[in-house]
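Here is a set of questions and answers about how terms are applied to a protein model. Each answer sets a value against a cut-off and then concludes.

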Amino acid sequence: MKLLKINKLLKDLNNNKIIAMPTETVYGFFSLISLENLKNINKLKGRELEKPLQVFFLDFSQIEKYTKLSQFQKQILIQELPGNKSFLVPSSSFFKKLTNQNTILIRLPIWEQKILKNTKKVFEKINVPLFATSANLTNNKEFDNGKLIQKEFKINGFNKKIKTKKSSIIISLLEDKVEIIRN
């Protein structure tokens, strides 16, 4: 059953649809990285269409293609990742072509956590980073139930109910300075 669900979610992603999966903090909306999907997720959440989204990575090696990191930024990321922190860094020309954005908010979760077992399987099979943001309407509480998210937003996802935690900490590393944006 889980394999059928994973294959359905992969098909949706490849058809530029938004899906819902648990993260180690809250349920999230995920999609392939493109300007169109950036706008689609923001529209679904009821916020500015061009508002940046974080990007989830499967491993550290994927990060380099999407970022333009200084030595200082690399050192911080190596020390702090994986974890429930998101880091704002300069984007690569590759990412900028996809999104028109000069910065990227990167997240490398602790994939070994039980809650991420099936989310990790999707990432391993799709083998590219994905846009991600909390599964909720802007300024509303995050959902903790996959079935409710699917019904409310008319998208596919995992059905699991999770214990939501505080959203990830967001830290800017722009201009080689450490600044906490959201704690």
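## Values against definitions

Glutamate 175 and lysine 177 are both exposed. The model is a predicted one.

Q: What makes the contact between glutamate 175 and lysine 177 a salt bridge?
A: The side chains of glutamate 175 and lysine 177 come to 3.9 Å, N to O. The cut-off is within 4 Å, so the pair counts as a salt bridge. A search of the whole structure finds 7 salt bridges.

Q: How do you know that lysine 39 and glutamate 50 form a salt bridge?
A: The closest N and O atoms of lysine 39 and glutamate 50 are 3.4 Å apart. A salt bridge needs a distance within 4 Å, so this pair qualifies. The pair links distant parts of the chain, with lysine 39 in helix H2 and glutamate 50 in the loop between H2 and S3, 11 residues apart.

Q: Why are lysine 39 and glutamate 50 called partly exposed?
A: Lysine 39 has a relative accessible area of 30%, and glutamate 50 has 43%. Buried means under 20% and exposed means over 50%, with partly exposed in between. The 30% of lysine 39 lies in between, so lysine 39 is partly exposed. The 43% of glutamate 50 lies in between as well, so glutamate 50 is partly exposed.

Q: What makes aspartate 144 and lysine 161 a salt bridge?
A: Their closest N and O atoms are 2.9 Å apart, and the limit is within 4 Å, so the pair is a salt bridge. This pair also links distant parts of the chain: aspartate 144 is in the loop between strand S6 and helix H7, lysine 161 is in the loop between strands S7 and S8, and they are 17 residues apart.

Q: Why do aspartate 144 and lysine 161 get their exposure labels?
A: Aspartate 144 has a relative accessible area of 24%, so it falls between 20% and 50% and is partly exposed. Lysine 161 has 54%, which is over 50%, so lysine 161 is exposed.

Q: How do you know that lysine 45 has no salt bridge?
A: The nearest side chain of opposite charge, glutamate 142, is 6.9 Å away. Lysine 45, in helix H2, is buried and has no salt bridge. The side chain of lysine 45 does reach the backbone oxygen of serine 134 at 2.7 Å. What is its contact with asparagine 136 called? The two side chains are joined at 2.4 Å, and the cut-off is within 3.5 Å, so this is a polar contact.

Q: What makes the link between arginine 47 and asparagine 42 a polar contact?
A: The side chains of arginine 47 and asparagine 42 meet at 2.5 Å. The limit is within 3.5 Å, so the term polar contact applies. Arginine 47 lies in the loop between helix H2 and strand S3. Arginine 47 is buried yet has no salt bridge, and the nearest side chain of opposite charge, glutamate 48, is 8.0 Å away.

Q: Why is valine 89 called buried?
A: The relative accessibility of valine 89 is 0%, and buried means under 20%, so valine 89 is buried. Valine 89 lies in strand S4. Valine 89 and aspartate 176 are 87 residues apart in sequence and 9.1 Å apart in space, C-alpha to C-alpha.

Q: Why is aspartate 176 called partly exposed?
A: Aspartate 176 has a relative accessible area of 37%, which is between 20% and 50%, so aspartate 176 is partly exposed. Aspartate 176 sits in the loop between S8 and strand S9.

Q: What is worth noting about the phi of aspartate 176?
A: Most residues other than glycine have a negative phi. Phi of aspartate 176 is near 55°, a positive value. Asparagine 139 also has a positive phi, near 65°.

Q: Why is asparagine 139 called exposed?
A: Asparagine 139 has a relative accessible area of 77%, which is over 50%, so asparagine 139 is exposed. Asparagine 139 lies in the loop between S6 and H7.

Q: Why is lysine 114 called exposed?
A: Lysine 114 has a relative accessible area of 75%, which is over 50%, so lysine 114 is exposed. Lysine 114 belongs to a positive surface patch with Lys2, Lys117, Lys121, Lys125 and Lys160.

Key
Residues numbered from 1 in each chain as written. Predicted model: local features only at pLDDT ≥ 70, side-chain atom pairs only at ≥ 80, totals over all residues. Heavy atoms only, no water. Patch = residues over 30% accessible without salt bridge, like charges linked within 9 Å, V, L, I, M, F, W, Y side chains within 5 Å. Areas by Shrake-Rupley, 256 points an atom, 1.4 Å probe, with all protein chains shown as cover. Lys, Arg positive; Asp, Glu negative; His and termini not counted. Charge placed at Lys NZ, Arg CZ, Asp CG, Glu CD. Buried < 20%, exposed > 50% of the residue type's maximum accessible area, 1.4 Å probe, protein only. Helix = DSSP H or I, 4+ residues; strand = E, 2+ residues; numbered from the N terminus. Polar contact = N/O pair within 3.5 Å; in protein donor to acceptor, adjacent residues only side chain to side chain.
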